[in-house]
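Hi there,

Here is the structure I promised you, with my notes below it. Please have it open while you read, and look up each residue as it comes along.

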There are 2 protein chains.
Amino acid sequence: MSDFKLTILGSGSAMPTPERFSSAHVLNVHGHLYLIDCGEGAQIAMKKYNIKMNKIEAIFISHLHGDHYFGLIGLLNSMHLNNRKKELNLYCFKPLDDIIKLQIEAANTQLSYKIKYNYLSEEGLVKLFDSKHVEVFSFPLIHRIPCCGFLFKEKKQSRNIKKEFVKNHNIPKEWFPKILSGQDFIDENGNVFSNNEIVNFQLNPRSYAYCSDTAYDEKVADYCMGVKLLYHEASFADDLEDVAKEKFHSTASQAALIARKSKAETLIIGHFSNRYKDKSLLINQAKQIFESTIEAYDGKVFEL
Amino acid sequence: MSDFKLTILGSGSAMPTPERFSSAHVLNVHGHLYLIDCGEGAQIAMKKYNIKMNKIEAIFISHLHGDHYFGLIGLLNSMHLNNRKKELNLYCFKPLDDIIKLQIEAANTQLSYKIKYNYLSEEGLVKLFDSKHVEVFSFPLIHRIPCCGFLFKEKKQSRNIKKEFVKNHNIPKEWFPKILSGQDFIDENGNVFSNNEIVNFQLNPRSYAYCSDTAYDEKVADYCMGVKLLYHEASFADDLEDVAKEKFHSTASQAALIARKSKAETLIIGHFSNRYKDKSLLINQAKQIFESTIEAYDGKVFEL
């Protein structure tokens with residue numbers, strides 16, 4: 001099956017630590033890499049977890065609080081030092097363009113590639129782009145400054161014959177359309193290979209939603225309805241619901257409620273306040289409401 | 001003896017790696033902390049090496065290439081989250097002030113403390129400040145954009161009686177001036193304590209010079225004449241002297257020549273190009289010219 005794989009580069013909150021860098025996720029859809037938020041040290045984490053920075057096709061920055069983008073300028077600079085040529089799509093709020101340009105100018109540098117700035121809006125579910133393999137949407141979150149979540153939906157894939165099978169068997173040309181239309185393959189010795197075993201196909205497209213920083217908002221569940229993997233911030237434990245509301249953040253149970261309402265398959269929570277040395281308190285609170293809850297940590301990989 | 005201690009937070013060059021973050025040094029002079037350059041991840045390294053960020057009294061940024069300051073905005077933001085109140089002195093080139101202000105504004109934040117911007121000039125040895133315990137100077141380096149090195153000179157310390165001795169002995173009041181003027185102390189039982197053993201004094205003030213990024217320039221040796229500890233970049237091995245010149249950087253031997261000419265006691269080299277997996281080549285080349293050469297690495301502490 002083609003890749004649909006999430007790597008968490010940073011799972012911490014406002015102040016990065018050696019154990020938990022600030023928010024940054026990389027989603028690999030069929031070999032195409034998308035970076036979602038880019039906290040300080042994201043490029044260092046990419047080296048650590050073997051993510052090739054110049055393979056990133058687009059970057060999505062949810063909002064302009066530093067723990068979600070202070071690593072971006074360093075990454076853009078390193079892409080330049082690595083002689084990137086391919087245009088980079090950046091989805092963000094203003095004035096991130098000015099912030100980047102000012103720093104590039106101060107270094108008296110001209111980047112080796114072009115950045116295309118695409119500005120986010122907070123008007124409901126907005127399609128950001130549509131490629132052969134994925135559609136990406138933004139949706140508004142409730143935070144102290146303009147903030148968006150992102151939804152990645154895999155497109156239905158046409159069938160393809162497993163590469164390994166093609167390599168190991170001498171398949172006559174005329175058999176390819178038959179196999180792709182659903183027939184079993186019979187080789188020259190009369191061996192029968194079931195179509196299911198030799199063909200890749202994806203009945204249920206996979207999807208990933210990322211909710212960086214947000215107060216509890218049931219609308220988020222609508223935007224993410226039916227998502228396979230949902231990341232939702234859970235800065236605080238339930239006893240600090242008032243603090244969460246005041247700071248436009250969520251509790252563990254609130255994240256779990258959104259997962260339940262959206263009928264997600266799996267919930268990842270992260271962006272934990274540094275006050276929690278042991279995160280199991282937050283995980284357990286979420287699990288009471290949504291059993292399939294997993295803790296985000298730096299270096300964690302989810303393959304769907 | 002009072003502290004005069006250097007901690008290296010980042011010893012790498014343009015592209016940070018998990019093993020070597022970009023340039024950042026912390027100098028502790030008698031308990032007062034000074035941060036010199038602030039590459040990406042410096043605040044994370046501070047947590048790792050137990051440097052208290054809110055104890056930093058002033059920050060010196062040598063120039064506006066990202067590997068020397070991309071960690072600054074994150075650190076300033078975390079100082080705010082830690083509720084710093086004390087004014088912070090920042091020594092830098094323009095437009096670092098604009099770069100910082102734009103990012104603080106984008107986050108809709110007002111810092112809990114004031115930053116005082118002090119702009120560097122490239123006109124020879126310039127005294128930046130003068131406190132009870134240290135004088136700090138800037139001096140020009142030769143780089144692609146305006147760039148300064150920094151020289152920290154400890155002030156001559158007046159004598160003081162060792163705290164431990166005062167605590168453990170009942171010293172009559174009238175003895176204090178006598179001991180401080182050089183007399184041995186005789187207690188009530190007639191025991192004699194040699195002045196040398198009970199008094200702290202610093203005959204030779206300690207000093208540290210930091211040369212971040214520079215082409216080979218003999219004037220640097222004049223600015224740093226007689227320095228105890230010299231940090232000089234050594235981006236390249238000797239066979240790449242032409243590349244070093246073209247990129248306004250130095251080779252290992254050039255760093256060593258500056259150490260020899262300035263009659264430094266010890267040379268630290270760092271800012272190694274990532275092409276050198278093993279840094280011993282560069283260390284050995286420097287040692288041929290200046291024996292007392294040490295490799296900079298992340299977390300290294302030098303106590304003078």
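**Salt bridges and their surroundings**

B:Lys155 is partly exposed, because its relative accessibility is 22% (under 20% is buried, over 50% is exposed and anything in between is partly exposed, with a 1.4 Å probe and protein chains only). Before going on, please note that this is a predicted model, in which local features need pLDDT of at least 70, side-chain atom pairs count only at pLDDT 80 or more, and totals for chains, interfaces and linings use all residues. Residues are numbered from 1 along each chain as its sequence is written, chains are lettered from A and ligands numbered from 1 in the order in which they are written, and side-chain values use heavy atoms, leaving out hydrogens and water.

Which side chain does B:Lys155 meet in a salt bridge? The partner is B:Asp130, at 2.4 Å from N to O (a salt bridge needs a side-chain nitrogen of Lys or Arg within 4 Å of a carboxyl oxygen of Asp or Glu). This pair links distant parts of the chain, 25 residues apart: B:Asp130 sits in strand β7 of chain B, and B:Lys155 in the loop between β9 and β10 (160-161). (Helices, H or I with at least four residues, and strands, E with at least two, are DSSP runs numbered from the N terminus.) B:Asp130 is partly exposed, with 41% relative accessibility.

B:Glu87 and B:Lys114 also meet in a salt bridge, at 3.5 Å from N to O. B:Glu87 belongs to the loop between α2 and β5 (88-92) of chain B and B:Lys114 to the loop between α3 and β6 (115-119), so this pair ties together parts 27 residues apart in sequence. B:Glu87 is partly exposed at 36%, while B:Lys114 counts as exposed at 51%.

In chain A, the side chains of A:Lys127 and A:Asp130 form a salt bridge of 2.9 Å, N to O. Both residues belong to a network of salt bridges that links A:Lys127, A:Asp130, A:Glu135 and A:Lys155. Over all chains, the rule counts 20 salt bridges.

**Rings that pair**

How many aromatic pairs are there over all chains? The count comes to 30 (ring centres of Phe, Tyr or Trp, the last by its six-membered ring, within 6.5 Å; planes under 30 degrees apart are stacked, over 60 edge-to-face, and the rest tilted). In one of them, B:Tyr34 and B:Phe152 have ring centres 6.0 Å apart and planes at 40°, so the pair is tilted. It links distant parts of the chain, with B:Tyr34 in strand β3 (residues 32-36) and B:Phe152 in strand β9 (residues 148-154) of chain B, 118 residues apart. Both B:Tyr34 and B:Phe152 are buried.

The pair B:Phe60 and B:Phe129 is stacked, because the ring centres are 6.3 Å apart and the planes stand at 25°. B:Phe60 is in strand β4 (residues 56-60) and B:Phe129 in strand β7 (residues 126-130) of chain B, so they tie together parts 69 residues apart in sequence. These two are buried as well. In chain A, ring pairs join A:Tyr34, A:Phe60, A:Tyr91, A:Phe129, A:Phe150 and A:Phe152 into a cluster.

**Helix α3 of chain A**

Why is this helix largely enclosed by the rest of the structure? It is because eight of the eleven residues of α3 (residues 96-106) of chain A are buried. Among them are A:Leu96, A:Ile100 and A:Ala106. The buried residues of α3(A) pack against α2 (72-81), β5 (88-92) and β6 (115-119) of chain A, together with α3 of chain B.

**Where the chains meet**

35 residues of chain B are in contact with 35 residues of chain A (heavy atoms within 4.5 Å). About 3100 Å² is buried between the two chains, and carbon and sulfur atoms give 66% of that area (accessible area, with a 1.4 Å probe, lost on putting two parts together and summed over both). On the chain B side, α1 (42-48), α2 (72-81) and α3 (96-106) each supply at least two of the residues that touch chain A.

**Backbone points to look up**

The peptide bond from A:Lys94 to A:Pro95 is cis, with omega near 0°, and so is the bond from B:Lys94 to B:Pro95. Most residues other than glycine have a negative phi, and most peptide bonds are trans. B:Asn108, in the loop between α3 and β6 of chain B, has a positive phi of about 55° although it is not a glycine.

Happy exploring!
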